[in-house]
Amino acid sequence: MLETSARLLRLLSLLQIPRDWSGTDLAERLEVSTRTVRNDIERLRHLGYPVHATRGSAGGYRLGAGASLPPLLLDDEEAVAVTVGLRTAAGGGIAGVEETSLRALGKLEQVLPNRLRRRVNALQAYTVVVPGDGTSPRVDAETLTVIAASCRDHERLRFDYRDHNRGDSRRVVEPYQLVNWGRRWYLIAFDIDRSDWRTFRVDRITPKTPTGPRFTPRELPEDMTDRVTCGVSAAAWRFRASVTVHAPAEFLSARIPPAAGTIEAIDDTTCVLHTGADTPEALAINIGQLGMHGIEFTVGDPPELVELLRALADRYLRAIAGATRTNTPTIEG
């Protein structure tokens, strides 16, 4: 009985790999006859697992979706990856999943073998999480689920949208893809009323249910990646700035991430960085990267940013007045 139970668990583990298994393949993996495989398949079906079978040379066995979630059998690397992922989700930027992530994490860590628990605990003990600046928005998990289902089923999506100027509008779109950029989420969609492709920040979307009728998918434009980069970088921010940078555009683009903004070349020694953020403080942090790279730059707008940078400069000058050198950790790279 123990041998049969162990074999059924091994068979269930193999069937959870998304592929069609022939009876011969399963028999070789389990080191039994194909007749035993057929009997074990029937045992799984009696236990409530929907194992589908197809005939022919390309046929085989595949585990289908059932009424309840079967036990997941994970190898060592999969167990570590899931545990680390749950710990990350528990403190991530998606609202509503922290508690459920902690519940799932507790169940998983309870059954982890000692060798795996030591690996996971070592990773946690020797990893320092740097808190965010508090400006990154949190995305509702239910909103992500609704949008993802509409993308999958090719159904039009209706939602209220709040733009960077705090203006509200009703949108009807054909949703195509969700993009996760840092701690922000974006939706790539075709706007029906505007007859053009648009990029929407998911934290500004309030979906309306039920979703609309099904649509025939369009072909995504070849420059869709560039459109997302431009839309994500600066166009959707509440505060925007055009910073004159006294360096070649190629030099700057190699030193700042695409999400920091778009770069416009002026001549061989000058370019303009178009950037933005939700607050002047976050915008100052983005522009501060230029100084950290030893790049000279000039800021003329917006007024809120200029005033903030002036106040920061005065504060830094006061901070170093009469200061003595202290031992601080050296950051490599």
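Which residues of H7 are buried? In H7, they are Ala 141, Thr 143, Leu 144, Val 146, Ile 147, Ser 150 and Cys 151. The model is a predicted one. Its protein chain has 333 residues, of which 33% count as buried, and its secondary structure comes to 11 helices and 13 strands.

**The chain as a whole**

- The protein chain has an accessible surface of about 20800 Å². Carbon and sulfur atoms hold 53% of that surface.
- Among contacts in the protein chain with a separation of 6 or more, 57% are between residues 24 or more positions apart.

**The sheet of E11, E12, E10 and E13**

- Four strands make up an open sheet, and their order is E11-E12-E10-E13. The pairing in this sheet is antiparallel.
- Strand E11 (262-265) and strand E13 (297-298) each have a single partner strand, so each stands at an edge with one side left without a neighbour in the sheet.
- Helix H10 (residues 280-292) packs on this sheet and touches E10, E12 and E13. The direction of H10 makes about 150° with that of E12.
- Strand E10 (residues 239-245) and strand E12 (residues 271-277) run antiparallel and are joined by seven bridges. Val 243 has Leu 273 in E12 as its bridge partner.
- Strands of a sheet pair through backbone hydrogen bonds, in either a parallel or an antiparallel way.

**The hairpin of E7 and E8**

- Strand E7 (184-191) and strand E8 (196-201) are separated by a loop that holds Ser 195. The two strands form a hairpin with four residues between them.
- E7 and E8 pair through six bridges in the antiparallel sense. Ile 188 has Thr 199 in E8 as its bridge partner.
- Eight of the eight residues of E7 are buried, so the strand is largely enclosed by the rest of the structure.
- In a regular strand, side chains alternate between the two faces of the sheet.
- On E7, Arg 184, Tyr 186, Ile 188 and Phe 190 point one way. Trp 185, Leu 187, Ala 189 and Asp 191 point the other way, and the residues of both sets are all buried.
- In the turn, Ser 195 has a positive phi of about 50°. With a relative accessibility of 54%, Ser 195 counts as exposed, because the cut-off for that class is over 50%.

**Helix H7 and the residue after it**

- Helix H7 (residues 141-153) has 13 residues, which should span 18 Å at 1.5 Å a residue. The C-alpha atoms at its ends are 18 Å apart, in agreement with that value.
- His 154 lies in the loop between H7 and strand E5 (157-162). Just after H7, this residue takes a positive phi of about 55°.
- His 154 has a relative accessibility of 28% and therefore counts as partly exposed, the class between under 20% and over 50%.

**Helix H10 and its cover**

- H10 has 13 residues and reaches 18 Å from its first C-alpha to its last. That is close to the 18 Å expected at 1.5 Å a residue.
- Pro 280, Ala 282, Leu 283, Ala 284, Ile 287 and Leu 290 are the buried residues of H10.
- The cover over these buried residues includes strands E10, E12 and E13. Helix H9 (249-253) and helix H11 (303-320) are also part of that cover.
- Gly 294 follows H10 and has a positive phi, near 70°.

**Cysteines**

- The disulfide count comes to zero.
- Cys 151 is buried, with a relative accessible area of 12%. Cys 271 is also buried, with a relative accessible area of 0%.

**Backbone details**

- Most residues other than glycine have a negative phi, and most peptide bonds are trans.
- His 154 is a residue other than glycine with a positive phi, near 55°. Ser 195 is also a residue other than glycine, and its positive phi is near 50°.
- The peptide bond from Thr 209 to Pro 210 is cis, with omega near 0°. Pro 210 is in the loop between strand E9 (205-208) and helix H8 (224-235).

Conventions: Residues are numbered from 1 along each chain as its sequence is written. This is a predicted model: local features need pLDDT of at least 70, side-chain atom pairs count only at pLDDT 80 or more; totals for chains, interfaces and linings use all residues. Side-chain values use heavy atoms; hydrogens and water are left out. Two strands pair if DSSP finds at least two bridges between them. Contact means heavy atoms within 4.5 Å. Axes are lines fitted to C-alpha atoms, for helices over the stretch in contact, and angles run from 0 to 180 degrees between N-to-C directions. A disulfide is a pair of cysteine sulfur atoms within 2.5 Å. Buried means under 20% relative accessible area, exposed over 50%, partly exposed in between (1.4 Å probe, protein chains only). The expected span of a helix is 1.5 Å times one less than its number of residues. Accessible areas come from the Shrake-Rupley method with a 1.4 Å probe; for residues, only the protein chains shown count as cover.
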